[in-house]
Amino acid sequence: MAAATVEIGKVAISVRLSFDGDLYACRRPPGVVERMEAEALDLLSKGLFVSGIDTPVATVTGAAGHRFVQESAVFQPPGSWVYQGTCWIGAGRNGLTLTGLLGYRLEVRAKWARRAGDCGPPETAAEWCELFGAQLASIGGVVLRRASVLSLGTPP
């Protein structure tokens, strides 16, 4: 859905946010479905910002009425933390309204950049934090940009 990449010193960091579930979109007046799909994706991805990626509780916010509640954070070797939870969407713009409760998955990957040489990947969560924690903390926050296409289904 949305992603960002950044390189800090010898560390390359990528952040990806995806949603899962059903989102209800209503357009007044009705319009072309393909255009509504693009507008819905724009509205859903508006102002997505992630901070605290060096902590066990990453903060995700969105400008379009998102309310994120993290439920878990799991280290996935060799270099990812995966944060999961739920997100309530209640947004509207230019006659388009989006509502729904979605699951979200925020994946934060850190790896050595090319200029780091032959450094091996971390094997444990503690090692990952030790090797990449300072660089992650120095970021502060990341603005995510739209990275995929939304496919609207049939409303409930």
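**Entry 1. Strand β1 and its partners**

I take two strands as paired if DSSP finds at least two bridges between them. The model I consulted is predicted. With that criterion I looked up β1 and strand β10 (residues 145–146), which pair in the antiparallel sense over two bridges. In this pairing I found Ala2 opposite Arg146 in β10.

I then followed β1 to its other partner. Strand β1 (residues 2–8) is joined to strand β2 (residues 11–20) by seven bridges, again in the antiparallel sense. I noted Ile13 in β2 as the bridge partner of Val6. The hairpin of β1 and β2 has two residues between the strands, and in this hairpin Gly9 takes a positive phi near 60 degrees.

**Entry 2. The sheet of β5, β4 and β9**

I next examined an open sheet of three strands, whose order is β5-β4-β9 and whose pairing is antiparallel. Which strands stand at the edges? I recorded β5 (59–61) and β9 (141–143) there; each has a single partner strand, so one side of each lacks a neighbour in the sheet. On average, neighbouring strands of this sheet are turned by 15 degrees against each other, direction ignored.

Strand β4 (residues 49–51) runs antiparallel to β5 and is joined to it by three bridges. Val50 stands opposite Val60 in β5. I also looked up Ser51, which lies in strand β4. Is Ser51 buried or exposed? Its relative accessibility is 19%, and because the limit for buried is under 20%, Ser51 counts as buried. Leaving aside residues up to four places away in sequence, I listed Ala58, Thr59, Gly140 and Gly141 as the residues that Ser51 touches.

**Entry 3. Helix α2**

I traced helix α2 (residues 125–139) and found that it bends by about 60 degrees at Phe132. Phe132 is also among the buried residues of α2, together with Trp128, Gly133, Leu136 and Ile139. I recalled that an α-helix has 3.6 residues a turn, so residues three or four places apart point the same way.

What covers the buried residues of α2? The cover includes β1, β2, β6 (66–76), β7 (80–93), β8 (96–112) and β9. Just after α2, I noted that Gly140 takes a positive phi of about 80 degrees. Gly140 is also one of the residues touched by Ser51.

**Entry 4. The largest nonpolar core**

I looked up the largest nonpolar core and found that it has 41 residues. Those with the most contacts inside this core are Ile13, Leu17, Phe19, Leu106, Val108 and Leu144. The elements giving two or more residues to the core are β1, β2, α1 (33–45), β6, β7, β8 and α2. I noted that β8 gives the most, with seven residues. As background, nonpolar side chains tend to be buried together in soluble globular proteins.

Residues up to four places away in sequence are not counted; Ile13 touches Ala4, Thr5, Val6, Ile8, Ile53, Val108, Arg109, Ala110, Leu136 and Ile139. Among them, Leu136 and Ile139 are buried residues of α2, and Val6 is the bridge partner of Ile13.

**Entry 5. Cysteines**

How many disulfides does the structure hold? I found zero disulfides. I then looked up the accessibility of Cys26 and Cys129. Cys26 counts as buried, at 17% relative accessibility. Cys129, with a relative accessible area of 37%, is partly exposed.

Notes: Residues numbered from 1 in each chain as written. Predicted model: local features only at pLDDT ≥ 70, side-chain atom pairs only at ≥ 80, totals over all residues. Heavy atoms only, no water. Helix = DSSP H or I, 4+ residues; strand = E, 2+ residues; numbered from the N terminus. Axes fitted to C-alpha atoms, helices over the stretch in contact; angles between N-to-C directions. Buried < 20%, exposed > 50% of the residue type's maximum accessible area, 1.4 Å probe, protein only. Contact = heavy atoms within 4.5 Å. Disulfide = S-S within 2.5 Å. Bend = angle between axes of the 7 residues up to and from the residue. Core = buried A, V, L, I, M, F, W, Y, C linked by side-chain atoms within 4.5 Å.
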